[in-house]
Amino acid sequence: MTPRPLCLTPRLLAVASFIRPTDRVLDIGADHARLPVYLTERGLCAAVTATDIAEGPLARAARTIRAHRLEGRIPLLLRDGAEGLDPADYDAVTIAGMGGDAILSILKKSPWLWDKRLILQPQTRVRDFADRAGRTPAWQVTASEGRRQYTIFVFEGAV
Ligand SMILES: C[S@@+](CC[C@H](N)C(=O)[O-])C[C@H]1O[C@@H](n2cnc3c(N)ncnc32)[C@H](O)[C@@H]1O
């Protein structure tokens, strides 16, 4: 039986809405890989790579990918942030559902990320996130899920 296409809740849907069809996407901290699977299943980007710092989340990601019959379509990488990756391989980078400090630390370790379209959804320290990043977002949108509000910051890189 063909699996039903995955649906996203408003938070990740808002993140996905900033991906362009030609983007080669890097999703850092993918965990369950719902965002990469959504983008791949619906053909919303050129390619997507999912990373996570821990084995458990990567195993979850592999399960989601298998359930949607996308084996071999979404590379899964175990690593801290974007360490060791080639900047030339990506046009857009998503980091969602992580603390604001953790996101800024990843960006500090790999400053080349700022050259890409960066779509960031910090879970904490949201109010002063852009100030502490020292950049002005091109877009800042809010997604509501019940009473919870999530802010998505989009920074335009050189691409
Ligand atoms: C709460 S989940 C968010 C999952 C998904 N991005 C979302 O928004 O629903 C955060 C994930 O980030 C991962 N993570 C935390 N620090 C990381 C780092 N420095 N590099 C890569 N992944 C990291 C965690 O292991 C966890 O799986």
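Author: Here we go through some labels and the values behind them. This is a predicted model, where local features need pLDDT of at least 70, side-chain atom pairs count only at pLDDT 80 or more, and totals for chains, interfaces and linings use all residues. Residues are numbered from 1 along each chain as its sequence is written.

Reader: What makes Ala33 buried or exposed?

Author: A residue is buried if 20 or more other C-beta atoms lie within 10 Å of its own, exposed if 12 or fewer, and partly exposed in between, with C-beta atoms placed from the backbone. Ala33 has 26 other C-beta atoms within 10 Å, so it is buried. Ala33 sits in the loop between S1 and H2, and its phi is positive, near 65 degrees, though it isn't a glycine.

Reader: And how do you know which label Arg69 gets?

Author: Arg69 has 10 C-beta neighbours inside 10 Å, so it counts as exposed. Arg69 is also in a loop, between H3 and strand S3 (76-78), and has a positive phi, near 55 degrees.

Reader: What is Ala143 in contact with?

Author: Two residues are in contact if their C-beta atoms, placed from the backbone, lie within 7 Å. Leaving aside neighbours within four places in sequence, Ala143 is in contact with Pro10, Arg11, Ala14, Tyr150 and Ile152.

Reader: You keep saying H and S. What makes something a helix or a strand?

Author: Both are DSSP runs numbered from the N terminus: helices are H or I with at least four residues, strands are E with at least two.

Reader: Why is helix H2 called largely enclosed?

Author: Count its residues: 7 of the 8 in H2 (residues 34-41) are buried, so the rest of the structure largely encloses it. The buried ones are Arg34, Leu35, Pro36, Val37, Tyr38, Leu39 and Thr40. They pack against helix H1 (10-16), strand S1 (24-28), S2, helix H3 (55-67) and S4.

Reader: Why do you say the buried residues of H4 line one face?

Author: In H4, the buried residues are Gly100, Ile103, Ile106 and Leu107. Down the axis of H4 they fall within an arc of 125 degrees (the arc of the directions from the helix axis to the C-beta atoms), so they line one face. Turned away from that buried side are the exposed residues Lys108 and Lys109.

Reader: How do you know that S1 and S2 pair, and in which sense?

Author: Two strands pair if DSSP finds at least two bridges between them. S1 and S2 have 5 bridges, so they pair, and in the parallel sense. Leu26 stands opposite Thr49 in S2.

Reader: Last one: what makes a residue part of the shell around the ligand, and how many are there?

Author: A residue is near a molecule or strand if its C-beta atom, placed from the backbone, lies within 6 Å of it. Here 17 residues surround the ligand, and the closest are Gly29, Asp31, Pro57, Ala96 and Gly97. S4 gives the most, with 3 residues.
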